Amino acid sequence: MNWLIGVFIFWVVAYFLNVSLANSKWHKTRLVRLAVPTVFGITILVVWEGLVRGLQVPSVILPPPSMIGARIAVSLPTLWADLIQTFVKGALTGYIMGCGSAVLTAILIDRSPFLQRGLLPVGNFIAALPIIGTAPILVMWFGFDWHSKAAVVVVMVFFPMLVNTVQGLAATDSMQRDLMRTYAGGYWNTLFKLRLPAAMPAIFNGLKIATTLALIGAIVAEFFGSPTLGMGFRISVEVGRLGLDMVWAEIAVAALAGSAFYGVIALIEKGVTFWHPSQRG
Amino acid sequence: MPILTVVAAIMVIWYASSVGMNKKWTYDQAGRAGVEVSFTEMVADTWAQERPVLPAPHQVVAELYHSVFEKKISSKRSLVFHGWITLSATMLGFVFGTGLGILLAVGIVHNRAMDMGVMPWAIASQTVPILAIAPMIVVVMSTIGATDFLGKETATAMFGYQPAFMKGILPKAVIAAYLSFFPVVVGMVKGLRSPDQMQLDLLKTYNAGKQRTFWSLRLPSSTPYLFTSLKVGMAAALVGAIVSELSAVPLRGLGARMLTGSYYGQTIQIWSALFAAATLAATLVASISWIERRSLKKMGMSS
Amino acid sequence: MGFRYVSQEVVIQAKNLDLTFPTNDGDVHALKDVNLDIHKGDFVSFIGPSGCGKTTFLRTIAALETPTAGTVTVNGMTADEARKNRAYGYVFQAAGLYPWRTIRGNIKLPLEIMGYSKAEQEEHVTKVLDLVDLRGFGQKFPWQLSGGMQQRASIARALAFDADILLMDEPFGALDEIVRDHLNEQLLQLWDRTNKTIAFVTHSIPEAVYLSTKIVVMSPRPGRITDVIESTLPRERPLDIRDSQEFQDIAHRVREGLRAGHAYD
């Protein structure tokens, strides 16, 4: 009971803290912008911990955050090995191969309006499909190890990336292309000096979408078969054993890896497309 | 026309690769039997194997036809049955997920504390592989016994039997809802904020209140964003339902078909389940697009 | 400034030029039987209401449009050969600077494409930045400058390589009048210093009269030349020359020419 009362008080205090912070005259400062979501996040964790303890929820249903934290602390080597297997070998390899080939394909089909009119609708169509369903097929073809996970990631990121790049390459206006013609610029000059730089915001948009897809693809593909290693493997095994603290630990690592991956791409984007209106403000 | 050419090209590549990928098995079999196979025999065989590495398109179509039209729809081998299971979970989750998403978006737009506290998390959550928690949700919900839409007794009392789709639908719907939730929140917040300052100022000169502004400006201007996020949400909900079927009990639905297919090496079954899922996704997204076109036209937002 | 020699050498010549665009509502006759000689060192303005083909004519000179009939010669070559020889610099209605390049980088762009050496690039860029009064702004990005400065940078870009023809398509159309006056004055000084041949599209009568040695009045449906006026104004033109009677007379003649072409239908 004490836990529940404590949780309630904490929640009320945090709520008023956030409301007053948000409505204070400092609400545009960096510190407050960071503080408000942090307070919100901490409140969630505290309420979670308190409710689980207060209501004595069994840990096979919902382990408290402290237990998950403890599990992370003692399982670092396992978590690290799983991260390497799934994220670095599976997701990252597939991400680089998939995005790279999509950009190259986009540049190739960009030269042919016919291919564009044919491939783009097909690409758009495929991008909306549950491509994750190809995972069992690819696991059969490429085996249980990370190669099949990378293949799933390639298939998953390829079409969103292709569509974004093609749109980006089309983003120049006719005046800018005319300017290149007055210089007798030719195809390659126009591509490298005008169209690729102009396409960068769209390309990075695709790259950011693909980060999430890559991690999802690599994890879910492991549900269809994997060596005794990897985040997806660990999750499905521990779920079977009701070791939910370990499952949550893997999810925390996955969330962290996912956000970090996204963050890195967003940072590179900031450096490359500093000139774009969306980055200037 | 270009689309047809591309599709035709894909078909040709597909047939060619199924020859390339399946011929090893054909030659192995022939070698074991001690017979020579000519090229045409080899090609014919690669397109007709029972468990090919890559089934030829017509095999998949035949299997689709077989399991859609020639089975009773209540049969466990009917794709209509499995598709319906997946569809019902997707729809249930989608409705709840988007509904809650829209509500939260309205809250975020009208409450600065909520905006500053929740919005960063909603955006960050899009970078997190949420799908990874699917197996856990399924197991936890079975542990506490919350899996059926209506309990067996309630359903029997109401309908005289428990409809198949109600069984085990809840965990799947929860995951589907969860996945469709965040894209809708982010899209709707963008949409509700899309009116520019001039339009907002105009309503201010009319002395319109927050509510008036919401109903006559914010909500209508958010419609295009709403439909865009509904499409994303629908696709995400379907993926969520399929992935959660990998660990759900009883093993039913399109995701389960893929999983059992991969257990037993039934490649044709996987491909037909994949195509069924693709058709389902395309149909769902297309119907949202259709509603989108109609309503935007009615609202005068598109020609 | 003083005396300056205008040669009789023809650098741009249009003969019996015809151009039609096919559209869904039938063919649009953008240019009909256009004949014009532009001499070296001329400052020629094309003026007329929208749809009179003045921009199309300029684009045809630049080989951005292909005429249906007739010929354009630039420096004795066909327009397309002249384009490939980089015979002219072109200034568009908007500055069209690349936001990912600094001002220096933007001005360098044509030089890179045309294969100038690094040292030459730097030298040319520094020179033209001075010409348009943008010294000290080279390291800025275009979006950090005002509209007028951006347009000056785009003029610098067109001047950077050694083309002696400058084609300008309503370059100051989007700017406010005060900035525009200032840039007009600067443009005249620049023309005087560089001895370039300039073809300039505008829809402002005062701008055309103030700048030009020759004013070409055009009218629409079909696009054609209705009058060519040789300016009698002295080469040295302070801004207040616009209050003089001579200026008013020329402006009046331009206005009459526009009216005669039923330009206000």
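Which residues in α3(C) meet which residues in α4(C)? From α3(C) come R104(C), I107(C), K108(C), L111(C) and E112(C), and they meet Q121(C), H124(C), V125(C) and V128(C) in α4(C). Here, two residues are in contact if their C-beta atoms, placed from the backbone, lie within 7 Å. Keep in mind that this is a predicted model: local features need pLDDT of at least 70, side-chain atom pairs count only at pLDDT 80 or more, and totals for chains, interfaces and linings use all residues. Residues are numbered from 1 along each chain as its sequence is written, while chains are lettered from A and ligands numbered from 1 in the order in which they are written.

**The helix pair in chain C**

- Helix α3 (residues 103–113) of chain C packs against helix α4 (residues 118–131) of chain C at an angle of about 130°, and their axes are 10 Å apart. Axes are lines fitted to C-alpha atoms, for helices over the stretch in contact, and angles run from 0 to 180 degrees between N-to-C directions.
- That angle is why α3(C) and α4(C) are oblique to each other; under 35 degrees counts as roughly parallel, over 145 as roughly antiparallel, 65 to 115 as roughly perpendicular and the rest as oblique.
- Ala, Val, Leu, Ile, Met, Phe, Trp, Tyr, Cys and Pro count as nonpolar, Asp, Glu, Lys and Arg as charged, and the others, Gly among them, as polar.

**Chain A on its own**

- Chain A has twelve helices and zero strands; helices (H or I, at least four residues) and strands (E, at least two) are DSSP runs, numbered from the N terminus.
- Chain A has a radius of gyration of 24 Å, whereas a compact globule of 281 residues would be near 19 Å. That radius is taken over C-alpha atoms, and the globule rule is 2.2 Å times the number of residues to the power 0.38.
- Along the principal axes, the C-alpha atoms of chain A fill a box of roughly 80 × 60 × 30 Å.
- The axes of α5(A) and helix α7 (residues 146–169) of chain A come within 9 Å and cross at roughly 135°, which makes α5(A) oblique to α7(A).
- This crossing of α5(A) and α7(A) is left-handed.

**How the chains meet**

- Two pairs of chains are in contact, and chains A and B share the most contacts.
- The A–B contact takes 51 residues from chain A and 46 residues from chain B. On chain A's side, α11(A) gives the largest share, eight residues, and the residues divide into 37 nonpolar, twelve polar and two charged.
- For the other pair, 14 residues of chain A are in contact with 18 residues of chain C. The largest share of chain A's side, six residues, comes from α8(A), and that side divides into six nonpolar, four polar and four charged.
- No contact joins chain B and chain C; their closest C-alpha atoms lie 18 Å apart.

**Confidence in chain B**

- Chain B averages a pLDDT of 83, and 99% of the residues score at least 70; pLDDT is the predictor's confidence in each residue, from 0 to 100.

Methods: Left-handed = near helix turned anticlockwise from the far one by under 90°.
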